Amino acid sequence: RVDKLRAVTALKGFKRPVRDANGNPADMVPLSHKDESNTEWFAAVKAMGEGILITFEDDSKLCSGGDRWNKWENKFSSLINDPPDNRYLYRGLRTEPLTVTVEGKHVAESHPMFVWWHTLSHHLIRTIQQDTGYSSSAISERVYAQEVNGKWTGGILLYVTEGGMDGTLGGLTSLVPNLQRYLDRIAEESDHCSNDPLCADVTSSSLEHDRACYACTYNSETSCGHRNLFLDRLLLRECAGL
């Protein structure tokens with residue numbers, strides 16, 4: 001349980017999704033103000049809220065090595081050797097120069113560990129929103145995935161925030177004692193989709209390995225920071241041993 005959470009959103013600048021004649025991305029237009037001491041200030045808003053943080057226990061692990069896991073792992077490896085053209089999809093590459101040496105942290109969204117946690121996050125938001133008092137579009141996510149000592153691990157933070165308040169009403173954290181009930185529901189409902197067999201056989205996004213759709217996995221883009229990409233309902237079930 002994260003009973004008190006503070007989210008600060010700052011507007012640092014903007015740039016347009018265009019490139020010059022040499023293929024270089026547009027320059028960032030800064031929106032900061034420097035005072036007499038040369039300190040940069042940005043327009044920002046603070047919001048308070050609550051959340052649920054879910055990670056692995058020390059002895060927990062996914063059932064890796066299956067068909068869906070291998071497809072995503074091969075994609076992850078290929079992106080390191082051959083950087084993607086659509087760099088804007090990958091948070092680690094958006095602000096990097098075109099000459100940067102691509103590393104795993106740059107394209108972590110394509111690693112099966114990230115895809116698994118991201119998919120679980122979407123299904124959990126869809127499952128708990130009816131009991132929280134919040135709509136699914138009000139519940140935001142933060143997905144963590146990184147390599148630690150040669151082993152990939154991850155987690156998710158689901159949270160809600162309200163501006164101008166000291167916190168929220170506890171509708172999210174109150175579900176923690178009964179969280180297993182929602183995980184059991186995900187295990188049951190993720191087995192099928194009303195768009196099957198198309199959902200299980202054909203991607204509905206711009207990523208070839210995505211296996212998800214609005215009927216089973218996609219959430220409002222106000223709660224998904226990854227444009228409803230890097231999602232795989234089949235990987236979710238495969239790595240959970242279902």
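A pocket here is an open set of points on a 1 Å grid over the protein atoms alone, with protein on both sides within 12 Å along at least five of seven lines; its lining residues have an atom within 4 Å of a point. This is a predicted model, in which local features need pLDDT of at least 70 and side-chain atom pairs count only at pLDDT 80 or more, while totals for chains, interfaces and linings use all residues. Residues are numbered from 1 along each chain as its sequence is written, and side-chain values use heavy atoms, with hydrogens and water left out.

**Stop 1: the largest pocket.** Select Lys 15, Met 28, Tyr 88, Arg 94 and Thr 95, which lie nearest the centre of the largest pocket among its 20 lining residues. The space in this pocket is about 740 Å³, a volume being the space filled by probe spheres set on grid points joined across faces, edges and corners. Its lining divides into 10 charged, 9 nonpolar and 1 polar residues. In this scheme Ala, Val, Leu, Ile, Met, Phe, Trp, Tyr, Cys and Pro count as nonpolar, Asp, Glu, Lys and Arg as charged, and the others, Gly among them, as polar.

**Stop 2: Arg 68 and Asp 232.** Next, show these two side chains, which meet in a salt bridge at 2.8 Å, N to O. Arg 68 is in helix H1 (residues 67–81) and Asp 232 in the loop between helix H5 (198–201) and helix H6 (233–239), 164 residues apart. Helices (H or I, at least four residues) and strands (E, at least two) are DSSP runs, numbered from the N terminus. A salt bridge requires a side-chain nitrogen of Lys or Arg within 4 Å of a carboxyl oxygen of Asp or Glu; the count comes to 7. Both Arg 68 and Asp 232 are buried. Buried means under 20% relative accessible area, exposed over 50%, and partly exposed in between (1.4 Å probe, protein chains only).

**Stop 3: Lys 75 and Glu 208.** Lys 75 is partly exposed at 24% relative accessibility, and Glu 208 is partly exposed at 48%.

Both residues also line the largest cavity, together with Trp 72, Tyr 90, Ser 110, Leu 207, His 209 and Phe 230. A cavity is a set of grid points where a 1.4 Å probe fits but cannot get out. The count is 1 cavity of 30 Å³ or more, and the largest has a volume of about 40 Å³.

**Stop 4: Asp 196.** Move to the loop between helix H4 (179–189) and H5, where Asp 196 lies; its partner Arg 233 is in helix H6, so the pair ties together parts that are 37 residues apart in sequence. Asp 196 is partly exposed at 30%, whereas Arg 233 is buried at 2%. A cis peptide bond joins Asp 196 to Pro 197, with omega about 5°.

Stop 5: Most residues other than glycine have a negative phi, and most peptide bonds are trans. Asn 38 has a positive phi, near 70°, and is exposed at 54%. Asn 149 also has a positive phi, near 55°. Asn 149 lies in the loop between strand E7 (140–148) and strand E8 (151–163) and is exposed at 82%.
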